[in-house]
Amino acid sequence: MARILALDYGEKRTGISITDELQIIASGLTTVDTKNIFSFLTAYLKKEKVELFLVGEPRQMNNTESESEQFIKPFVEKLSQTFPKIPIKRVDERFTSKMAFKSMIDSGLKKKQRQNKALIDEISATIILQTYLYSEKK
């Protein structure tokens, strides 16, 4: 089997997580400056087989699109054009940043470490991926 790669896309940074080859475990991979995301993905896909991209879909509480969706839609379109053989699924990412921050507190990270926004983005991508894996197993 190939891996599933999840992206928590942001204007400045994009958090990335990946599954193992059996698609059981979601692990944070890294956070990349968004301007470098396509060069990172191109290099990564030369080393690893990925069968699916997951991209976080920010929604409002009333289930309407979030304002940040205006930046994500063009990214998803370019992702689809750049890697046409890899399908893309969108995953509701409501509360992932809050959940990521809470997991940092629960794991005992110091205040200075919790201020690392790149780490929050990476953990958020992992939560997006884990949510997808859990929903697929049901």
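Which residues of helix α1 (residues 37-47) are buried? They are Ile 37, Phe 38, Leu 41 and Tyr 44. These residues cover an arc of only 125° around the axis, which puts them on the same side of α1. That arc is taken from the directions running from the helix axis to the C-beta atoms. Over on the other side of α1, you'll find Ser 39, Lys 46 and Lys 47 exposed. As for the words, buried means under 20% relative accessible area, exposed means over 50%, and partly exposed is in between (1.4 Å probe, protein chains only).

Before going on, a quick note on what you're looking at. This is a predicted model, where local features need pLDDT of at least 70 and side-chain atom pairs count only at pLDDT 80 or more, while totals for chains, interfaces and linings use all residues. Residues are numbered from 1 along each chain as its sequence is written, and side-chain values use heavy atoms, with hydrogens and water left out. Helices (H or I, at least four residues) and strands (E, at least two) are DSSP runs, numbered from the N terminus.

So what covers the buried residues of α1? The cover includes β1, β2 (13-19), β3 (26-33), β4 and α2 (69-82).

Let's take α2 next. Two packed helices are described by the angle between their axes and the distance between the axes. Here α1 and α2 pack at about 35°, with axes 12 Å apart; the axes are lines fitted to C-alpha atoms over the stretch in contact, and angles run from 0 to 180 degrees between N-to-C directions. Ile 37, Phe 38 and Leu 41 of α1 make the contact with Phe 75, Lys 78, Leu 79 and Thr 82 of α2, where contact means heavy atoms within 4.5 Å.

Now for the strands. Six of the eight residues of β4 (residues 50-57) are buried, so this strand is largely enclosed by the rest of the structure. β4 runs parallel to β1 (residues 3-8), joined by five bridges, and Arg 3 has Val 50 of β4 as its bridge partner. Five bridges also join β4 to β5 (residues 88-92), again in parallel, with Phe 53 standing opposite Ile 88 of β5. Two strands count as paired if DSSP finds at least two bridges between them.

Finally, look at Asp 92, which lies in β5. Asp 92 counts as partly exposed because its relative accessibility is 34%. Leaving aside neighbours within four places in sequence, Asp 92 is in contact with Glu 57 and Arg 59.
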